[in-house]
Amino acid sequence: MDIYDREHLKEFLIALYGKQANNWHPNEELFNLTYKLIAESGECSEAMRYVPEPMAIGKASFKWLKKEARSKFLKTLHENKEQYVICLRGAAYNMALEFKMAAQGV
């Protein structure tokens, strides 16, 4: 990893784990864990795409739900580029110990 790669990785980890990541030296193991984190949070992000928006008062619920599901699916097909922050943070929380150990070279 070159200096720019290390800096980008460190910025990402600080945004996710806070100030404690300032003390982590970006290395290959941290990169590999970050890759795994993104992959795992992707499943959650994919599911979040299908959560319907709040229903307006007076709408027919089944018709509204059908429209929302269709809309979410088509939006997913169109965008399919982003990860939901809540999913990323959830995966980061689950992997925090792995990141701390990798930062210490353990």
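# Reading helices, burial and contacts in a predicted model

Visitor: In which helix does A39 lie?

Guide: A39 lies in helix α2. Helices (H or I, at least four residues) and strands (E, at least two) are DSSP runs, numbered from the N terminus. This is a predicted model, in which local features need pLDDT of at least 70 and side-chain atom pairs count only at pLDDT 80 or more, while totals for chains, interfaces and linings use all residues. Residues are numbered from 1 along each chain as its sequence is written, and side-chain values use heavy atoms, with hydrogens and water left out.

Visitor: How many helices and strands are there in the protein?

Guide: The protein has five helices and zero strands. Its pattern along the sequence is α-α-α-α-α.

Visitor: Is A39 buried, partly exposed or exposed?

Guide: Buried means under 20% relative accessible area, exposed over 50%, partly exposed in between (1.4 Å probe, protein chains only). A39 has a relative accessible area of 46%, so A39 is partly exposed. Over the protein, buried residues make up 26% of the 106 residues.

Visitor: How many salt bridges does a search of the whole structure find?

Guide: A salt bridge is a side-chain nitrogen of Lys or Arg within 4 Å of a carboxyl oxygen of Asp or Glu. The search of the whole structure finds one. K36 forms a salt bridge with E98, and the closest N and O atoms are 3.5 Å apart. This pair links distant parts of the chain: K36 is in helix α2 (residues 28–48), E98 is in helix α5 (residues 96–103), and the two are 62 residues apart.

Visitor: Are K36 and E98 buried, partly exposed or exposed?

Guide: K36 is partly exposed because its relative accessible area is 34%. E98, at 34% relative accessibility, also counts as partly exposed.

Visitor: How is a pair of aromatic rings described?

Guide: By the distance of the centres and the angle of the planes. Rings of Phe, Tyr and Trp (its six-membered ring) pair if their centres lie within 6.5 Å; planes under 30 degrees apart are stacked, over 60 edge-to-face and the rest tilted. The structure holds four aromatic pairs. In one of them, the rings of Y17 and W24 have centres 5.4 Å apart and planes at 55°, so this pair is tilted. Both Y17 and W24 are buried.

Visitor: Which kind of pair do W24 and F99 form?

Guide: W24 and F99 form a stacked pair, 6.4 Å from centre to centre and with 15° between the planes. W24 lies in the loop between α1 (3–17) and α2, and F99 lies in helix α5, so the pair ties together parts that are 75 residues apart in sequence. The relative accessible area of W24 is 8%, so W24 is buried. F99, at 0% relative accessibility, counts as buried. Y17, W24 and F99 form one aromatic cluster.

Visitor: Which residues form a nonpolar patch on the surface?

Guide: Patches are made of residues with over 30% relative accessible area and no salt bridge: like charges are joined within 9 Å, nonpolar side chains (Val, Leu, Ile, Met, Phe, Trp, Tyr) within 5 Å. Here L97, M101 and V106 form a nonpolar patch on the surface, together having about 310 Å² of accessible area (Shrake-Rupley method, 1.4 Å probe). V106 lies in the segment after α5. With a relative accessible area of 66%, V106 is exposed.
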